Amino acid sequence: VKVAFELSADGAYAHSEGSSAPTEESLTLGIIEIKAENIKKWITISDEMMEETGEGFLRYVYEELAHQVAKKLSDDIVNGIEDCAYTTNQATVIGIPKVNEDPSLVAVAKAAANLSDEARNLVIIMNRLTEADFHAAFAAGNFAVDPYMGLPRLYSSALPAFSSADANATYAIVGDMDAVQINYPAGAGLKLVQDPYSLAEKDLVKIVGRVFAGQKVVAPGRLVRLTKEAGAVTT
């Protein structure tokens, strides 16, 4: 799937009656290519286990496979934002700016200030351990200002905790996750294959869960990365 985005464009002009025509717009589009791949998880279960534990255990196995596949896709999205090599838009990549600010009462506000007008449903994504550092700033400010600006917080272990992150590493993401497009060429549901034949001589049943999906950031100006400040240099 190829998705076009506005790489650059000039503004509109006021045109007075009888005056020369305004300059024609100069519009440049970028193209994001989304390539799908199989995200897969599988397990083997003995015939005895399946027959003795019944439908409840089998449902648990299905849900576990679905959870792991969904988590992998979620982590891939976060990792793609975290590891973006560009802070400005390129012909084939959306650039994601960085704000180099440790957790504080204004860190999220500074990140949000760098978003475009099109960023609407803002969230904060971070490792749960990072929340303790924001809470410390909240307490140090006598709880006068909400460091999260009232924004919902989502948690992902794909991001490092602030305390263990390297200098200049991304520890939080602020923005509108509608910037990410997920393509499911074969449908969004988890596909399950239960194979009781290939390992029948071992009394094993193979269960495979997979989703065929691709994802990319396709909308500029909707996401910003918060990065850890470098420590003071001592001599």
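A residue counts as buried when its relative accessible area is under 20%, as exposed when that area is over 50%, and as partly exposed in between, with a 1.4 Å probe and protein chains only. The model is predicted, and here local features need pLDDT of at least 70, side-chain atom pairs count only at pLDDT 80 or more, and totals for chains, interfaces and linings use all residues. Residues are numbered from 1 along each chain as its sequence is written, and side-chain values use heavy atoms, leaving out hydrogens and water.

The tour follows salt bridges, each a side-chain nitrogen of Lys or Arg within 4 Å of a carboxyl oxygen of Asp or Glu; by this rule the count comes to 5.

Begin by selecting helix α2, residues 55-82, where a helix is a DSSP run of H or I with at least four residues, numbered from the N terminus. Show the side chains of R59 and E55, which form a salt bridge at 2.8 Å, N to O, and which lie 4 residues apart, about one turn of the helix. R59 is partly exposed at 42%, whereas E55 is exposed at 58%.

Next, stay in helix α2 and select K72 and D76, again 4 residues apart and about one helical turn from each other; their side chains meet in a salt bridge at 3.1 Å, N to O. K72 is partly exposed, with a relative accessible area of 43%, while D76 counts as buried at 16%.

Finally, select E101 and K110, whose side chains meet in a salt bridge at 3.1 Å, N to O. Which of the two counts as buried? E101 does, at 13% relative accessibility, whereas K110, at 39%, counts as partly exposed.

Notes:
Helix = DSSP H or I, 4+ residues; strand = E, 2+ residues; numbered from the N terminus.
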